[in-house]
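Hi,

Here is the structure I promised to pass on.

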Amino acid sequence: MSRSLILLSGGLDSALLANRLLLDGVQLQALFIDTGQTAAAAELSAAQKVCARLDLPLDVVGASSLRAAFTSSSGAVFSHNPNPGRHVLPLGSMLLFGIAIPYADSRGISDVYIGYNSSDAKYSAEYAQPWLDHLAQLAAAAARPGMRILAPLLNRNLSEVVAGSADLQGLASCTYSCILQGPHRCGKCRSCESSAAKFASLRLRQDGGV
């Protein structure tokens with residue numbers, strides 16, 4: 001069986017998806033991409049802990065200057081988050097997949113998994129399957145047929161994903177979900193609110209930070 005790629009964010013969704021795929025017998029390579037997101041250090045630490053627990057190989061691509069090129073201007077104002085112009089970059093997924101797709105192609109990997117969920121897709125079309133399919137079609141247009149970008153959590157609930165998982169609390173405790181970076185999660189951003197709801201739905205404890 002050929003190896004597939006999973007993009008790890010350090011958050012709960014991608015950790016649970018990685019665990020599910022491994023339980024289903026998928027051979028995985030994990031990739032963490034630092035594009036300069038505010039919480040990159042905390043997210044990377046979480047991704048490393050997740051991979052250690054799952055015995056999953058992890059590669060890290062550091063490209064932190066990418067985001068700075070788009071957020072350093074005084075005109076970069078994104079009103080949905082505190083500290084506008086720094087934390088969330090609209091169309092930022094193009095930076096992510098601009099790295100992930102060539103990475104996968106260079107290793108002969110055709111299936112790329114990401115932990116986007118239905119709430120993400122409602123927030124922005126760039127997290128929905130049609131957008132991901134368009135990106136795969138661009139790869140095909142460049143003579144790379146067969147590339148797929150898959151987001152299984154768009155149409156599966158977490159209770160299905162965690163079925164049969166062992167030590168779910170331990171895995172979940174490795175994760176980090178906050179747009180900001182600090183000693184503790186802010187508890188107010190979209191990521192914190194979403195993560196808290198997921199932990200509650202799965203009856204898991206959520207620690208204050210990584």
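What follows is a walk through the fold, then the helices, the strands and a few single residues.

First, the ground rules. This is a predicted model, so to speak of local features I needed pLDDT of at least 70, while side-chain atom pairs count only at pLDDT 80 or more and totals for chains, interfaces and linings use all residues. Residues are numbered from 1 along each chain as its sequence is written, and side-chain values use heavy atoms, with hydrogens and water left out.

**The chain as a whole**

The chain has nine helices and five strands; these are DSSP runs numbered from the N terminus, with helices being H or I of at least four residues and strands being E of at least two. Read from the N terminus, the order of elements is β-α-β-α-β-α-α-β-α-α-β-α-α-α. Of the 210 residues, 49% count as buried, where buried means under 20% relative accessible area, exposed means over 50% and partly exposed lies in between (1.4 Å probe, protein chains only). The accessible surface comes to about 10,100 Å², and 53% of that belongs to carbon and sulfur atoms; the areas come from the Shrake-Rupley method with a 1.4 Å probe, and for residues only the protein chains shown count as cover. Among contacts (heavy atoms within 4.5 Å) between residues at least 6 apart in sequence, 69% join residues at least 24 apart.

**The sheet**

Five strands form an open sheet in the order E3-E2-E1-E4-E5, with parallel pairing. Two strands count as paired if DSSP finds at least two bridges between them. E3 and strand E5 (148-150) are the edge strands, each pairing on one side only. From one strand to the next the twist averages 25 degrees; angles here run from 0 to 180 degrees between N-to-C directions, and axes are lines fitted to C-alpha atoms, for helices over the stretch in contact. E2 and E3 run parallel and are joined by five bridges, and Ala-30 stands opposite Leu-58 in E3.

Where does Ser-4 sit? Its place is in strand E1 (residues 4-7). Ser-4 counts as buried, at 6% relative accessibility. Leaving aside residues up to four places away in sequence, Ser-4 touches Val-26, Gln-27, Leu-28, Gln-29, Ile-109, Asp-111 and Tyr-113.

H1 has 12 residues and reaches 16 Å from its first C-alpha to its last, close to the 16 Å expected at 1.5 Å a residue; the expected span is 1.5 Å times one less than the number of residues. H1 lies across E1, E2 and strand E4 (111-114), at about 160 degrees to E1. Because 10 of its 12 residues are buried, H1 is largely enclosed by the rest of the structure. Among those buried residues are Asp-13, Asn-19 and Arg-20. Gly-25 follows H1 and has a positive phi, near 90 degrees.

Helix H2 (residues 40-54) has 15 residues and spans 21 Å between its first and last C-alpha, close to the 21 Å expected. H2 lies across E2 and E3, running at about 170 degrees to E2. Its buried residues include Ala-40, Glu-43, Val-50 and Leu-54. The cover over the buried residues of H2 includes helix H1 (12-23), strand E2 (28-34), strand E3 (58-62) and helix H8 (168-173).

**Two positive phi angles outside glycine**

Asp-55 lies in the loop between H2 and E3, and its phi is near 55 degrees, a positive value in a residue other than glycine. Asp-55 is exposed, with a relative accessible area of 71%. Asp-167, in the loop between helix H7 (158-161) and H8, has a phi near 50 degrees, again positive in a residue other than glycine. Asp-167 is partly exposed, at 47%.

**Cysteines**

How many disulfides does the structure hold? The structure holds zero disulfides, a disulfide being a pair of cysteine sulfur atoms within 2.5 Å. For Cys-51, the nearest cysteine sulfur is that of Cys-174, 9.9 Å away. Cys-51 is buried, with a relative accessible area of 4%. Cys-178 is buried, with a relative accessible area of 4%.

Happy browsing!
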